[in-house]
Amino acid sequence: MPETSAFNLPHSPTAAFGTVVLLVAFVVAAYGAGAGILGNSQHRRRLVTSSVYALYGFSALMALASALMIFAFVTHDYTIKYVAHYSDTSMPLWYKITAYWGGLDGSLMFWVAVLGGFSAVAVWVNRHRHRDMIGYVVATTLLVQLFFLGILIYNKNPFATYLTSAPVDGRGLNPLLQNYWMVIHPPSLYLGFVAATIPFSFGIAALASKRLDDQWLGSVRSWMLICWFFLSLGLILGGRWAYEELGWGGYWAWDPVENAGFLPWFTASAFLHSIMIQEQRGTMKVWNMVLVVLTFFLTIFGTFMTRSGVVQSVHAFGEDNELALLFILFMALIFIVSFGLLIYRMPRLRSTNTFESFISREYAFLVNNWILLACCLFVLFATMFPTLSEAIDGQRVTVGPEFFNKWMTPLGLTLLFLAGVAPLLAWRRTTRDRLYAQFLFPAGLFVATIAILALVWPETRVRTAVFATQLELPVALVNFGLVAFVFGCLAQEFWKGVKVRMRQSGSDPFTALVGLTLVKRRKYGGYIIHLAVAVMFIGFAGKAFETMEDRTLSGPGETFQVRDYTFSYDELVVSADDHMREVGARVSVFHDGALMGELFPSKRDYVKGEQPTTEVALINTLKEDVYIILTGYQERTQTANFRVYINPLINWVWIGFGILMVGTAICLVPQSVVDSVTGRRPKDDGDGDGGGAGGEAGPGAGPGAGPGAGSTKRGAGASALVVLVAGGLALAVPSVAEAQPAEHVDESAMRSGGHNVSEGVAHRFRPDSPTAEALMRELVCLCGGCQRESILECRCGYAAQERQKVLSLLAGQDLSTPETQKIAYDRVVDAFVKEYGGQHVLATPRNKASWLIPYLAIGGGLVLLVGFGRRLVRRGQSEMEDAARLGKLAKVDEDDEYAEKLEDELRDTD
């Protein structure tokens, strides 16, 4: 507890001790970094050993600092500013603990603490295997930690105390963050960000020590897979939190902070695929090193985005120019040192092998990498475009979700296609006969699925705009066809492997399947991840034909219909306690006359909250979710306003991630666990925990797409355990869930002030024509309370006024033909742009550069990909012909070679 000094100033022993711990940790980290560099460069083993122990000591000190901060929260030490800002005495114990990472200062210290633990584990596991470079590994990780620790000590000390009287009680944690998903979402994302430092440290150490063979890949691969998994986990949990918490019916809005976690996910996915080309063919060494550096750089850039105020987001920590400058300087240092070393060592990294055919697994991986990188560059460009436009001409252009969706949808579908194609292609080259044999069944499944769904499920034929508004395609239908194609490809691969194993071991199909998956964990674990991606795309497709309707009921007893569901408004319930006042509506939901459940959407006004919050209620089914919110009410008349979403197939997103978790865990299972389960004696070779090449899997795709790589070393069992525990938490989803506060509250924009909850206005001035709906989707609400929502979806009074303005501007205009509809559309858009003096009112930028840059980047990348590929293929074919003339190349049919290789992999596996 805080104490009072003789001068009546607040004093906290916890704060003083915590500050001292941070200072000591800074000194220890500085020594460890210097000793690691000096010891490795001068081959002084004792110095290297001392740097390793310094890293262990630093990790222990940061664990102690974290314990002190949690202790301060639990004991209500409001002398510490950070504790007073993010907790109060009424909060549950669990939220007091998790408030540790609820703000900027604590989240940075949590970053350093987690990185200390990760780096200690990584160094301990590899201290003998990489003796000649471990000092550089220690130095790199500690230098990164010194940067963050320096910020904590000199700029954002979480142990800073009040200079005057401390408050009696704290402000309390934002109600949005008092949710079980937020307990595990931020740390999961932090774990993914922090884990990227370990591959980066090994990559820099390999460059510095000239250890540029493939041995360092074994350590990097496992940690990159852990990084990739926790990034995926953080992103999917963030989506689930947004779905239950923010009351807008969706789970992904391309918010800048969401995108900050997505950027390194793309490059990590690319690395985990291209690393297999280096293992199998010895190529792409430079590219893999670049991806390692880029993944780490993007984690720092993402941290910079969310903590500097450079982007506008409800998730950001606010604007801080001084912190922004520090991050910019650090990123510049990372870029100069990393790529300087890479260029200096370039002669040692050049590959000797080449591609022999465009129709090969290597080239499919190359295409996959290009698309992943294109996705990364586009998301980065579109996210930063408002900031760049403001810096260039002083006008902040808005980039809404529709702009992202138009570009990312075709790229995501291409990645989904490659997820099925790549496993069927052979290394080096694929013969025509094998190509026909491999793709006959999946292609037939693709065509049959599209034909059947188009006939029996008309909603799947809905057209969606891609690249531009004028280009509309039945994206959902194509998506389902590609999902079936991937299922067919992977099922075929599993069946072939099971047949060979049954023939070799004499076991039944199920036993053969389990044994096959355990023995070739990287290959078939990767296939399971690809299967998970396809399942998630089923959920993504449902977004194309979702339903949203607003209804107003004058009192209890009234009903309304939305599609096949009947909603009965039973009563309006008012309750209050010392912390909040809640008004909710009890609604019974019927489907085909049968009661599905009773929902209770409500609004809460917290005593310590800044504005009322909206609680959503939903019913989960495999087919679709019924999602309802209370947008407004009148206590006197019992009038209630509701918004209902029918979200088709959305739960397949969460199911797919559960499968992805299983596939990742399989990839991370160490060989020792397999040996103990199967009773096998450890071998010195094979597809175990060694770093050699093993099985492979094709490219991943889309949000949640995954790699098919990831062998582990000693200590990987702990990593797998962490993955399983985190995944178990992620799957703890109730069948009927009540969400908590909304990100944006309707009444905040009603200009009525305070926390007065009034009748909702979301039902007012709804579109009366397709042109009106398109305009309302394009125009962004500028009320100041929402974040990039369109006036069609925003529930505030300002959005209602803007919808009324759209309807009035369209009144009397000819909308009978597509040509006149376009003229009317452009007139209304021009009127809004003129009124608001800029394009920030539009969700899709009209600036030609916003379209030209992505076109040039993607088109230029395709040209380079084809030109570079042709050069590699020609060189490879020339070398192959020379070798054949000299009798050094055996002409083996790919089909026979494939079968022999598979049988060889499975021989003596019992």
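The chain exposes about 36000 Å², of which carbon and sulfur atoms supply 61%; accessible areas come from the Shrake-Rupley method with a 1.4 Å probe, and for residues only the protein chains shown count as cover. The model is predicted, so that local features need pLDDT of at least 70 and side-chain atom pairs count only at pLDDT 80 or more, whereas totals for chains, interfaces and linings use all residues. Residues are numbered from 1 along each chain as its sequence is written, and side-chain values use heavy atoms, with hydrogens and water left out.

Of the 910 residues of the chain, 58% count as buried (under 20% relative accessible area; exposed is over 50% and partly exposed lies in between, with a 1.4 Å probe and protein chains only). The chain has 27 helices and 14 strands, taken as DSSP runs numbered from the N terminus (helices H or I, at least four residues; strands E, at least two). Among contacts (heavy atoms within 4.5 Å) between residues at least 6 apart in sequence, 75% join residues at least 24 apart.

With residues up to four places away in sequence not counted, Ile300 touches Trp111, Phe148, Phe327, Phe330, Met331 and Ile334.

A search of the whole structure finds 51 aromatic pairs. Rings of Phe, Tyr and Trp (its six-membered ring) pair if their centres lie within 6.5 Å; planes under 30 degrees apart count as stacked, over 60 as edge-to-face and the rest as tilted. Phe110 and Tyr190 form a tilted pair, at 5.7 Å centre to centre and 55 degrees between the planes. Phe110 lies in helix H5 (residues 104–126) and Tyr190 in helix H7 (residues 180–195), so this pair ties together parts that are 80 residues apart in sequence. Both Phe110 and Tyr190 are buried. The pair of Trp254 and Phe404 is stacked, because the ring centres are 5.0 Å apart and the planes stand at 5 degrees. Trp254 is in the loop between helix H9 (215–245) and helix H10 (256–281), and Phe404 is in helix H15 (residues 401–421), 150 residues apart. Both Trp254 and Phe404 are buried. These two residues belong to one aromatic cluster, which also includes Trp228, Trp252, Phe262 and Trp265.

Strand E6 (residues 559–562) and strand E7 (residues 565–576) pair in the antiparallel sense over four bridges; pairing requires at least two DSSP bridges between two strands. Gln561 stands opposite Thr566 in E7. The hairpin of E6 and E7 has two residues between the strands, and Arg563 there takes a positive phi near 55 degrees. E7 is also joined to strand E8 (residues 580–591), by eleven bridges and in antiparallel orientation, with Tyr569 opposite Val587 in E8. A hairpin of three residues joins E7 to E8.

Val828, in helix H25 (residues 818–836), is buried, with a relative accessible area of 1%. Val828 touches Leu775, Leu809, Leu810 and Gln813, not counting residues up to four places away in sequence. The C-alpha atoms of Val828 and Leu779, 49 residues apart along the chain, are separated by 10.0 Å.
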